[in-house]
Amino acid sequence: MRVIVLGPQRRPTLDAVVRSLELSGPIATVTAGWQEREPDDAEFDALVGGRSANLRLHARWQDVLTRDPEYAAAELEHRAALRELQELHLVQLDGALRGLREVARYGGSRPPIRDAACADAEAVVRLVDERHLARVREAREAFEARWRPGERLAAAGHRTEVRHVLDAAAGLVVAGGHVGVLLHVLRLFAVGAAPVVIAWSAGAMALTERVLLFHDKAPHGPAHAEFLDAGLGWIPGCVLLPHARRRLRTDDTARMAELVGRAAPARCVVLDDGVRLDLGERGALPPGARTIGPDGRIGDLA
């Protein structure tokens with residue numbers, strides 16, 4: 001599988017990327033992150049040369065919920081439980097991050113003692129992140145074991161249709177939007193990889209091992225970056241930060257270094273407008289990829 005990650009597509013570069021790959025045949029697309037606007041993909045279709053085959057995952061999901069009320073009720077409860085998990089995670093995270101920042105601000109006269117305290121506080125933050133992701137995984141696995149969504153009649157037919165489209169496709173393109181919805185429908189319909197996968201924004205985040213939500217410039221003020229869930233794992237070793245300069249205080253090196261510590265050992269990858277990253281084996285980043293270093297500064301990968 002060849003994976004290409006792009007920067008935000010406000011000024012589309014997808015058309016040039018698709019032309020450069022010389023793909024033959026239809027190109028499967030996912031716009032489910034746009035939710036109700038999923039069918040509004042005329043511009044998207046034009047960018048891939050009029051060869052798109054939209055998997056219509058959001059519409060299929062809604063069809064499943066309509067035709068299988070028992071499953072729909074169970075899924076509604078499951079999603080409510082996940083929201084509660086996320087809210088509790090933020091409560092725990094707030095306390096852990098406040099502790100870390102207070103320790104980091106403490107001057108003191110013995111740096112080794114302060115550094116050891118900082119390391120302990122950082123470990124607490126990482127533990128909060130790790131336990132949250134574990135709880136989410138456990139909840140999802142318990143739900144899937146109990147309800148077996150992919151085997152239920154309403155979903156099974158859609159899975160088969162999706163697989164047929166993918167089998168005939170030369171590539172798969174995943175657009176952005178609501179990353180939680182994207183993750184859910186990609187799993188529900190067992191979307192598999194194509195020989196070439198192109199993704200950006202939330203579409204690329206969903207393909208990583210861990211999905212990190214972040215926004216320092218929200219209208220209500222900075223919010224803690226928070227891990228949402230495991231991703232599909234097609235892009236290992238990276239935490240992707242699309243729109244980073246619009247959403248993060250990248251000039252706050254202490255805050256950026258804190259983010260790097262939480263993401264480790266994965267790299268924090270900045271996806272600016274116009275970026276194209278052709279990933280290598282095991283998600284290896286190409287030279288020139290922009291990442292955030294341990295000192296919180298953005299730099300080019302050598």
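Guide: Two strands count as paired if DSSP finds at least two bridges between them. Strands (E, at least two residues) and helices (H or I, at least four) are DSSP runs, numbered from the N terminus. This is a predicted model, in which local features need pLDDT of at least 70 and side-chain atom pairs count only at pLDDT 80 or more, while totals for chains, interfaces and linings use all residues. Residues are numbered from 1 along each chain as its sequence is written, and side-chain values use heavy atoms, with hydrogens and water left out.

Visitor: How do you know that strand 2 and strand 4 pair?

Guide: Four bridges join strand 2 to strand 4 (residues 171-174), and the rule asks for at least two, so the strands are paired. The two run parallel. Val 30 has Val 174 in strand 4 as its bridge partner.

Visitor: In what sense do strand 2 and strand 3 pair?

Guide: Strand 2 and strand 3 (residues 52-54) pair in the parallel sense over three bridges. Ser 52 in strand 3 is the bridge partner of Ile 27. Between these strands the chain passes through helix 2 (residues 42-47), and this β-α-β crossover is right-handed; that is, with the strands pointing away from the viewer, the path from the first strand over the helix to the second runs clockwise.

Visitor: Why is Tyr 71 called buried?

Guide: Buried means under 20% relative accessible area (exposed is over 50%, partly exposed in between; 1.4 Å probe, protein chains only). Tyr 71 has 1% relative accessibility, so it counts as buried. Phe 143, at 9%, is buried as well.

Visitor: What makes the pair of Tyr 71 and Phe 143 tilted?

Guide: Rings of Phe, Tyr and Trp (its six-membered ring) pair if their centres lie within 6.5 Å; planes under 30 degrees apart are stacked, over 60 edge-to-face, and the rest tilted. Three aromatic pairs are counted by this rule. Here the centres are 5.9 Å apart and the planes stand at 50 degrees, so the pair is tilted. Because Tyr 71 lies in helix 4 and Phe 143 in helix 5 (residues 111-147), the pair ties together parts that are 72 residues apart in sequence.

Visitor: Which residues of helix 3 are buried, and how do you know that they are on the same side?

Guide: Leu 57, His 58, Arg 60, Trp 61, Val 64 and Leu 65 are buried in helix 3 (residues 57-67). They cover an arc of only 160 degrees around the axis, which puts them on the same side of helix 3. The arc is that of the directions from the helix axis to the C-beta atoms.
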